[in-house]
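Morning, everyone. Let's take a short walk through one model. Please look at the screen.

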Amino acid sequence: MVDVETTGGASWRGHRIIDISIVEVLGGEIVDEYESLVNPGRALPPMITGLTGITTEMVTGAPYFDHIADEVDRRLRGRVFVAHNAMFDWELLRTNGDAPDVPRICTVRMCRRLVSELRRRNLDEVTRHFGVEIHARHRAHGDALATARVLLRLLDEATGRGIEDLATLQWYLKRRRQRTRF
């Protein structure tokens, strides 16, 4: 489970990672956690400081992404990359460094398919639906930990539908939903 906070937006707009967390889930349990502030090489906009609580002073003393890239790579290689809105986090990792070629799963897409009654699928709504508490919202570690707990609930939903391995889950998430005719 990966979550990043940024200088304000997407990588293609030139934004950089300022906070990263990786929560490892294995056998239905959280088994390891990693987190680091990241120096983006520039001042943070006041809006980002207001949202995350991360200040320019906090990231000035943090390592640049290049300094933690090997550790991030080691924690992701050979695993499944899971994030809430996975493409956003994945693209930021690829822009900031070399991301290993691993399978990717998006919990937003999982919610769309497995909990279709939810009208909104942002992290606040999904955690509320599953009764998962978020400590330190809009900080990478708090969001990654909450998303890991949501993932475990979503995997329970998938198992209830006979989905018991990664290949079947990927197939299920990619196939088109059957439209209901009235």
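One term first: a residue counts as exposed when its relative accessible area is over 50%, and as buried when that area is under 20%. Keep in mind that this is a predicted model.

Start with Lys174. Is Lys174 buried or exposed? Its relative accessible area is 65%, so Lys174 is exposed. Where does Lys174 sit? Lys174 lies in helix H8, which covers residues 166-174. On the surface, Lys174 gathers with Arg104, Arg109 and Arg112 in a patch of positive charge.

Now go to Arg113. Along the chain, Arg113 and Lys174 are 61 residues apart. Arg113 is one of the buried residues of helix H5.

So, on to H5 itself. How many of its 8 residues are buried? The count is 6, and helix H5, residues 107-114, is mostly covered. Besides Arg113, the buried residues are Thr107, Val108, Met110, Cys111 and Leu114. What do the buried residues of H5 pack against? They pack against two strands, E4 (81-83) and E5 (104-106). They also pack against helices H6 (123-130), H7 (140-160) and H8. Remember H8: that helix holds Lys174.

Last stop, Asp73. This residue lies in helix H3, residues 65-76. Asp73 has 18% relative accessibility, so it counts as buried. Which residues does Asp73 touch, leaving out those up to four places away in sequence? Asp73 touches Asp98 and Pro100.

To recap: Lys174 is exposed, while Asp73 is buried.

Conventions. Residues numbered from 1 in each chain as written. Predicted model: local features only at pLDDT ≥ 70, side-chain atom pairs only at ≥ 80, totals over all residues. Heavy atoms only, no water. Patch = residues over 30% accessible without salt bridge, like charges linked within 9 Å, V, L, I, M, F, W, Y side chains within 5 Å. Areas by Shrake-Rupley, 256 points an atom, 1.4 Å probe, with all protein chains shown as cover. Salt bridge = Lys/Arg side-chain N within 4 Å of Asp/Glu carboxyl O. Lys, Arg positive; Asp, Glu negative; His and termini not counted. Charge placed at Lys NZ, Arg CZ, Asp CG, Glu CD. Helix = DSSP H or I, 4+ residues; strand = E, 2+ residues; numbered from the N terminus. Buried < 20%, exposed > 50% of the residue type's maximum accessible area, 1.4 Å probe, protein only. Contact = heavy atoms within 4.5 Å.
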